[in-house]
Amino acid sequence: MDGLFSPVKLGAIALANRIVMAPMTRDRAGPGDAPTPLMAEYYAQRASAGMIVTEGVQPSPAGKGYWRTPGIHSQAQIEGWRQVADAVHARGGRIVMQLMHCGRVVVPANRGFEADIIAPSALPCPVKVPGPDGTPVAPAMPRALALAELPGLLEEYAQAARNAIAAGLDGVELHCASGYLINQFLNPASNQRQDAYGGSAENRIRFPVEVLAALAGAIGADRVGFRISPGNPYNGMDVSAPEATFVPFLRAADKLGLAYLHIVDMALPELDTLAMARANFNGPVITNNNLTAESARQLLDDGKAEAVSFGRAFIANPDLAERLRDNAPLAKPDFSLLYTGEERGYTDYPPR
Ligand SMILES: Cc1cc2nc3c(=O)[nH]c(=O)nc-3n(C[C@H](O)[C@H](O)[C@H](O)COP(=O)(O)O)c2cc1C
């Protein structure tokens, strides 16, 4: 029996196999940051994955940091996502939406409208981010969120989750990785607040846990997952002692009875991230990062995770699940076409 191809349940979401498509920003949203028929085609082509996690989706205008990323805060966006979800479901797939609020990782020219740039503290992202033409530019200076604004932000997330369900998606995944807003709260390099939301690990995990609770309250905990990347320096995160933050975060999240934990395993020499997850979180685990068919099967066989996710391999292999099943060769993507906003390099990779 091929361990990749047994069914599994992540909370309320039933997967036909254990191969998950990892979230990938592809910059193809249409006017008003709404998903297009092209996006529906792209995701439908990949529906033989046990589950698709969408590209990062902004829960509000202020959550947008990159060029042509989709949102889930307007009626047009809900309609666009309904086409995507329907197309994936028609092919028997499952699809959850990654909620990604960029926080301070914002190039204003990428937005096409005026909106706040917010973060836990008024500290700019120290690394450059691609602008509309792909050239890296320094992100703008954020303003620190006022304490009184946090309940409104929680409600934005909750409404985004309700909108995702209204559009027919199977659940949501909170992006707590890669230096975006939730990670900015978790990390001492970006969170230097003096109130109950900054300082100690207990305080830095407070807002992330409140967001997870708000999402669970909005759509049910068994349709809410979350993604972490302990020890990832991306977008200016401090990588020292990740377990000091992530052990209490996982323990608090565990109490919510969530659908799953998605780990970007940085293969840290000083920390066995999957073991840390198992010791502190009782729900199903999806693991990710540089996996091959062989290493993925091994992780499942060893009981280290319930599912595995692949990112780059899905770009040029819409039928990745079948190729892994048959040990078929994988096509190589053209990375120069990742973010061009068009069909080429997106929906024109054929199945075998
Ligand atoms: C083009 C591209 C876009 C990505 N966008 C996101 C994203 O929106 N959200 C996220 O959590 N990770 C994102 N990632 C990271 C992937 O989900 C994944 O963690 C990474 O590619 C490692 O997995 P792999 O070795 O199977 O490719 C992106 C990766 C790529 C290559």
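In strand E12, Tyr-260 is the bridge partner of Gly-225, helices (H or I, at least four residues) and strands (E, at least two) being DSSP runs numbered from the N terminus. The chain passes from E11 through helix H7 (residues 242–254) to E12 in a β-α-β crossover that is right-handed; a crossover is given this hand if, with the strands pointing away from the viewer, the path from the first strand over the helix to the second runs clockwise. The structure described here is a predicted model, in which local features need pLDDT of at least 70 and side-chain atom pairs count only at pLDDT 80 or more, while totals for chains, interfaces and linings use all residues. Residues are numbered from 1 along each chain as its sequence is written.

The secondary structure of the chain amounts to 11 helices and 14 strands. With a radius of gyration of 19 Å, close to the 20 Å that the globule rule gives for 352 residues, the chain is as compact as a globular protein of that length; this radius is taken over C-alpha atoms, and the rule is 2.2 Å times the number of residues to the power 0.38. Along the principal axes, the C-alpha atoms fill a box of roughly 55 × 45 × 35 Å. Of the 352 residues, 52% are buried, a residue being called buried if 20 or more other C-beta atoms lie within 10 Å of its own, exposed if 12 or fewer do, and partly exposed in between, with C-beta atoms placed from the backbone. Among contacts with a separation of 6 or more, 73% are made by residues 24 or more positions apart, where a contact requires that the C-beta atoms of two residues, placed from the backbone, lie within 7 Å.

Strands E5 (95–99) and E10 (residues 171–175) pair in the parallel sense over four bridges, and Met-97 has Val-172 in E10 as its bridge partner. Four bridges also join E10 to E11, again in parallel, with Phe-226 of E11 as the bridge partner of Leu-174. Strand E11 (residues 224–228) in turn pairs with E12 in the parallel sense over four bridges. E12 and strand E13 (residues 285–288) run parallel and are joined by four bridges, Thr-287 of E13 being the bridge partner of Ile-263. Between these two strands the chain crosses through helix H8 (residues 273–280), and this β-α-β crossover is likewise right-handed.

In a regular strand the side chains alternate between the two faces of the sheet. Both faces of E10 are covered, with Gly-171, Glu-173 and His-175 buried on one side and Val-172 and Leu-174 buried on the other. Both faces of E12 are covered as well, Tyr-260, His-262 and Val-264 being buried on one side and Leu-261 and Ile-263 on the other.

The largest nonpolar core has 100 residues, and those with the most contacts inside it are Val-20, Tyr-43, Val-172, Leu-212, Leu-215 and Val-308; such a core is a set of buried Ala, Val, Leu, Ile, Met, Phe, Trp, Tyr and Cys residues joined through C-beta atoms within 7 Å. Helix H6 (residues 206–219) gives the most to this core, with nine residues. Since 11 of its 14 residues are buried, H6 is largely enclosed by the rest of the structure, and its buried residues pack against H3, E10, helix H4 (181–186), helix H5 (201–204), E11 and H7. H6 is followed by Gly-220, whose phi is positive, near 95 degrees.

Helix H2 (residues 75–90) has 16 residues and reaches 22 Å from its first C-alpha to its last, close to the 22 Å expected, the expected span being 1.5 Å times one less than the number of residues. Its buried residues include Trp-81, Val-84 and Val-88, and what covers the buried residues of H2 includes helix H1 (37–45), strand E4 (51–57), E5 and helix H3 (150–166).

Technical notes
Two strands pair if DSSP finds at least two bridges between them.
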